[in-house]
Amino acid sequence: MSDRRWRGHQGSAGSMGYDGCVEGAGRFAAEQGEQSVDTGHMQRKVDSAAGAREEVRRVLGDFYGARADDDPAVRTTVGDALLVTSELVTNAIRHGGGLLGFEARVSEDELVLHVTDASPREPATPATAHPGTPGGFGWALVRRLCREVAVRRRPDGGGKTITARLAL
């Protein structure tokens, strides 16, 4: 598997684009020189989809403030972020050999999610899933809702990190 990056077409009916990922495997955004917005909270250990959603709610609540409940567009954005979070973390647990790491933070105008699991295999799509095995549709949904999704193998070969970026 090579490292891959998909660029979503946020809000359009177009198909997903694909770029070969040129960045090194396993690097988190801080190592890539990105600037984070300090929301004043500490990341908590996450070991479930529910825990990951709670962390995303906390991060986005800090970012949006009262608008998180009052603005319909913000509520939609938060809902999309929670759906993407659920899909990525659930897939890491069910199909990726277990959730090894989770991070959610705001960087400029986007939510950045890092989900690390124990499997080096890429997420399945209906076209790549084994016949008769349900699933694969969540990955297409994640790619549709995100600005960009990158899959990077961990340098030690013991899994992968999926980085998803959602517009805020």
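Residues are numbered from 1 along each chain as its sequence is written, and side-chain values use heavy atoms, with hydrogens and water left out.

On confidence, pLDDT being the predictor's confidence in each residue, from 0 to 100, the mean for the protein is 78, and 67% of its residues reach 70 or more. Over residues 9-42 pLDDT stays under 50, although the model has 73 contacts beyond four places in sequence for them, a contact meaning heavy atoms within 4.5 Å. Where pLDDT is low, the predicted coordinates should not be read in detail.

Back to α1, then. Its buried residues (under 20% relative accessible area, with exposed over 50% and partly exposed in between, using a 1.4 Å probe and protein chains only) are A49, A52, E55, V56, V59, L60 and Y64. Seen down the axis of α1, these buried residues fall within an arc of 155 degrees, so they line one face of the helix; the arc is that of the directions from the helix axis to the C-beta atoms. What covers them includes α2, α3, β3 and β4, and just after the helix G65 takes a positive phi of about 65 degrees.

Which residues have the most contacts inside the largest nonpolar core? They are V56, L60, V84, L88, F102, L111 and L113, in a core of 32 residues, where a nonpolar core is a set of buried Ala, Val, Leu, Ile, Met, Phe, Trp, Tyr and Cys residues joined through side-chain atoms within 4.5 Å. At least two residues of this core come from each of α1, α3, β3, β4, α4, β5 and β6, and the largest share, eight residues, is that of α3. L60, leaving aside its neighbours within four places in sequence, is in contact with G65, V78, A81, V106, L111 and L168.

Finally, the charged pairs: the structure holds 10 salt bridges, each a side-chain nitrogen of Lys or Arg within 4 Å of a carboxyl oxygen of Asp or Glu. In α1, R58 and E54 meet in one of them at 3.7 Å, N to O; being four residues apart in that helix, R58 and E54 are separated by about one helical turn, and E54 counts as partly exposed, at 37% relative accessibility. R105 and E103 meet at 3.2 Å, N to O, and R105 is buried, at 10%. K160 forms a salt bridge with D117, the closest N and O atoms being 3.0 Å apart; this pair links distant parts of the chain, strands β6 and β4, 43 residues apart, and both residues are buried. D109, E110, R147, E148 and R165 are linked in a network of salt bridges.

Key. Predicted model: local features only at pLDDT ≥ 70, side-chain atom pairs only at ≥ 80, totals over all residues.
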